[in-house]
Amino acid sequence: MKKNKKIIHYSKNSYFDSGRGMTPLKLMGIIAAVLILLFIGWSSYEPVMNFLEDFKKNISKENQSSHIVNQSSEPDETSNENTSEQSDYSSSEESSAEKKEKLLDKSIYIPINYLTDFDTAFTYFNEKQKTVGEAQSITIHMKDDLGNIYLPVKNEIAVKNKAIFNNSEKIAGIMSKFKEKGIKINGVISTFKDPKAPFDNTECQIMYGDSKIVWVDNDPKQGGKQWLNPYSPYSAEYVIDIAKECFVLGADKIIFDNVNFPKGYSLEMASYAYMNGRTRQEALTDFAQTVEKTFDKDKFVFMVHAENAIYPDDMIYGGNHLNAFKNNVMLVISPKKIDKDFILAGQNYKAGGSIEDYIKIFKEHYPDIFGDENMALAFYSDEAKEENYKNMSDLLIL
């Protein structure tokens, strides 16, 4: 006997009724669910959007940062060119500033009679600055052409011949006070024009011919004086030793003046030991080379007076004075002393030019010696007051 099928009855309270379609209760449920979803979506809209916005900003920053790093680590050609141009410009600007500073570098000469005390010397220095402008150094004689030495050196010959000035210690003290104010010191040393050092020092003396009589540049009754023998290595040793002591006592640069053979009377009667077959110019060149080997290049200059280079004297210089000093030349220009027409390197020139005219001439004929970067000039104060200082370097007021 077969069992009866079980019949399942659905209550009218069910949400779905597959047999009858959509009911009011089902519709209300759908509407409620949609409203709930809308509420949830609305509530989460602002945080989601903020998150998305922040995410977007972070991505942008990362890209920008990556771009900057790439630019600095691997610059393109344009960047290189701009950087190079800026660097060149800065370098050029700095170079121009340095050049301007050098062109305006001035030194004021202070005579020995103003070196009695610091206040007197400094007052003189300040008064001169009103005329020539701001100066970076002073120039004083440390050994003059009378053989006097104005610093307290210990050289035996100088001490023996009483060549050291009585107030030398005081002058050294004045120098120290100038240096404390940042002002440098140039010292002029008369090289071979020195009547005291040869006194009773036969190794440095110039003689009359083959005699044992010491040569002097004039009649002793007229003030004739001895000179150091430029051929003698002992003369060079004496001068360089004095220069060494001057550096120890505070000099920043030495200006060697009178690097030449004697001037005066009876020059043809003077005889020199230690020639060793050398010409006069070769003897002067040897002295210059000894100085160059002894001191740093920026520590000295050789003073050459323009008129001596324009009117060369074989007896005194052995030819053109400039040829003996290929480097470190200080050209002293006093237009009043160039008083006659002259020929330089085969060209004719008229006397009576200005300082600027003579600078141009020397630069044209001696570009290696008088280039813009190393030209040193000196002027006598009466002419210097009347001249324009532009385009002049290392100006020394004498």
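Which residues of strand 1 point one way, and which the other way? In this predicted model, Lys106 and Ile108 point one way from strand 1 (residues 106–109), Ser107 and Tyr109 point the other way, and all are buried (under 20% relative accessible area, with a 1.4 Å probe and protein chains only). In a regular strand, side chains alternate between the two faces of the sheet.

Local features need pLDDT of at least 70 and side-chain atom pairs pLDDT 80 or more, while totals for chains, interfaces and linings use all residues. Residues are numbered from 1 along each chain as its sequence is written, and side-chain values use heavy atoms, without hydrogens and water.

**Whole chain**
- The protein chain has 11 helices and 12 strands, taken as DSSP runs (H or I, at least four residues; E, at least two) and numbered from the N terminus.
- The chain has 398 residues, of which 40% count as buried.
- Of the contacts (heavy atoms within 4.5 Å) with a separation of 6 or more, 70% link residues 24 or more positions apart.

**Strands 1 and 2**
- Strand 1 runs parallel to strand 2 (residues 137–143), joined by 3 bridges; pairing requires at least two DSSP bridges.
- Tyrosine 109 has threonine 139 of strand 2 as its bridge partner.

**Cysteines**
- The structure holds 0 disulfides (cysteine sulfur pairs within 2.5 Å).
- Cysteine 204 counts as buried because its relative accessibility is 2%.
- Cysteine 246 counts as buried at 0% relative accessibility.

Conventions. Buried < 20%, exposed > 50% of the residue type's maximum accessible area, 1.4 Å probe, protein only.
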